Number of protein chains: 2
Amino acid sequence: MNPQEAGIDEGISEMIATTKSAAGKPNAAPIGIITTVDDDGARAYQVKLYRGSQTRANVLETGRLAANATTDAILFVETAFDDLSTECFTDFEGFPVLWEATAWIIFTSELVEEREDYLRFQLCPQAVKINRKEVKAINRGLNAVIEATILATRVSMTKDKREREELRKELERYAAIVAKCGGWREREAMGMLKEKFLHGAE
Amino acid sequence: MNPQEAGIDEGISEMIATTKSAAGKPNAAPIGIITTVDDDGARAYQVKLYRGSQTRANVLETGRLAANATTDAILFVETAFDDLSTECFTDFEGFPVLWEATAWIIFTSELVEEREDYLRFQLCPQAVKINRKEVKAINRGLNAVIEATILATRVSMTKDKREREELRKELERYAAIVAKCGGWREREAMGMLKEKFLHGAE
């Protein structure tokens, strides 16, 4: 049971977290799994969950979280802003995960730090499933979508007009990278983001 | 013989090009393989090779180029600035490729456009070899290294002091992402880049 095999390596792995509420309602949202490696090579997994997120509410209720590996730009944008329809989910070891993911890792969670804006949980892997291995060349457009998604979530939180203008300019820089380097999924994802952004800026 | 299986998808795939001179000396350098898909789903592959690059000289001499798929941040930085030692290369269909690559695609090239600063070649796949499939979560640090490598090559070309200062600031932004999100390979690669950059700014 090795999360490394499922794509989780040292540093922060950008993935989709799936969770469920105590009542069993599934949720999906982007997440960063923090992996640290000590001098003996032992790995520890953590996650910071921010105030107001459904992922955080669900983890507090059920003590579990699944990390879904994917390189689908659209999935990152969709799960950042909208609820996925139930057909996007399937079941792994009694827990909701995403059909489309290339790998699933189920973690149990333990609260280790409480801060004003986030809670930090230690994660312990319980089950790993590899669905699909592949070779994938680096695409700058894909990462531009990830960076732009992070920006767009910040826009929805800031009221300062000048700061918003700055964020909008940065978003345009990422949009230019997507237009030049992305495939259709990245272009579609950036189109969705731009719409969200304009909405959030109203 | 499908380059898509070897990780080359629509948009620009950031890879390492290996080539050889007419005399047989191998070379490796980062490259962007441009893939376009027409309305019928047919794929075409192109590459722009810039003035002064060894890859360009070799492609003009031999009419061939191998695209090596990798997510190794260090390999991108090394091949952007230094010559790889011969032990890094192996042979595929009589052509030099990189041991470490997850896949190899050999292309023949045809010159289709001549510009002041670059030549554009149409690429035709001749052989594909998949070495290692994997699951890999997105790491923002890896892409920050790719973006920073592009910046660093620009620094070495610009003499304008203010422009250099701008590039240096951008590089610091990427270095911060690597420090936060990268693993040891990304940190090592960014360390190498910073040294190159300071050198180039002298």
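Predicted model: local features only at pLDDT ≥ 70, side-chain atom pairs only at ≥ 80, totals over all residues.
**View 1. The contact between chain A and chain B.** Chain A contributes 40 residues to the contact, and chain B contributes 40 residues. The size of an interface is often given as the accessible area lost when the parts come together. Here chain A and chain B bury about 3000 Å² between them, with 53% of it on carbon and sulfur atoms. Of the area that chain A buries against chain B, 26% comes from A:Val135, A:Ile138 and A:Arg140, more than from any other three residues.

**View 2. Polar contacts and the chain A side.** Between chain A and chain B there are 16 residue pairs in polar contact, both residues being at pLDDT 80 or more. On the side of chain A that touches chain B, the elements giving two or more residues are E1, helix H3 (140-155), H4 and H5 of chain A. The residues of that side comprise 17 nonpolar, ten polar and 13 charged.

**View 3. Salt bridges between the chains.** Side chains of opposite charge can pair when their charged atoms come close. The count between chain A and chain B is six salt bridges. One salt bridge joins B:Arg140 to A:Glu147, with the closest N and O atoms 2.7 Å apart. Another joins B:Arg187 to A:Glu10, where the closest N and O atoms are 3.0 Å apart. This pair crosses between chains: B:Arg187 is in helix H5 (residues 184-200) of chain B, and A:Glu10 is in the segment before strand E1 (11-20) of chain A. B:Arg187 has a relative accessible area of 39% and is partly exposed. A:Glu10 has a relative accessible area of 14%, so this residue counts as buried, the cut-off being under 20%.

**View 4. A salt bridge between two helices of chain A.** A:Lys194 forms a salt bridge with A:Glu172, and their closest N and O atoms are 3.8 Å apart. Because A:Lys194 lies in helix H5 (residues 184-200) and A:Glu172 in helix H4 (residues 161-181), the pair ties together parts that are 22 residues apart in sequence. A:Lys194 is partly exposed at 31% relative accessibility, and A:Glu172 is partly exposed at 37%.

**View 5. A salt bridge within one helix of chain B.** B:Glu165 and B:Arg168 form a salt bridge whose closest N and O atoms are 2.8 Å apart. Both residues lie in helix H4 (residues 161-181) of chain B, three residues apart, which is about one turn of the helix. B:Glu165 is partly exposed, with a relative accessible area of 35%, and B:Arg168 is partly exposed at 33%.

**View 6. A network in chain A.** Salt bridges link A:Glu113, A:Arg115 and A:Arg120 in a network. Over all chains, the whole structure has 20 salt bridges.

Note on methods:
Residues numbered from 1 in each chain as written. Chains lettered and ligands numbered in written order. Heavy atoms only, no water. Salt bridge = Lys/Arg side-chain N within 4 Å of Asp/Glu carboxyl O. Helix = DSSP H or I, 4+ residues; strand = E, 2+ residues; numbered from the N terminus. Buried < 20%, exposed > 50% of the residue type's maximum accessible area, 1.4 Å probe, protein only. Contact = heavy atoms within 4.5 Å. Buried area = accessible area lost by both parts, 1.4 Å probe. Polar contact = N/O pair within 3.5 Å; in protein donor to acceptor, adjacent residues only side chain to side chain. Nonpolar A, V, L, I, M, F, W, Y, C, P; charged D, E, K, R; others polar.
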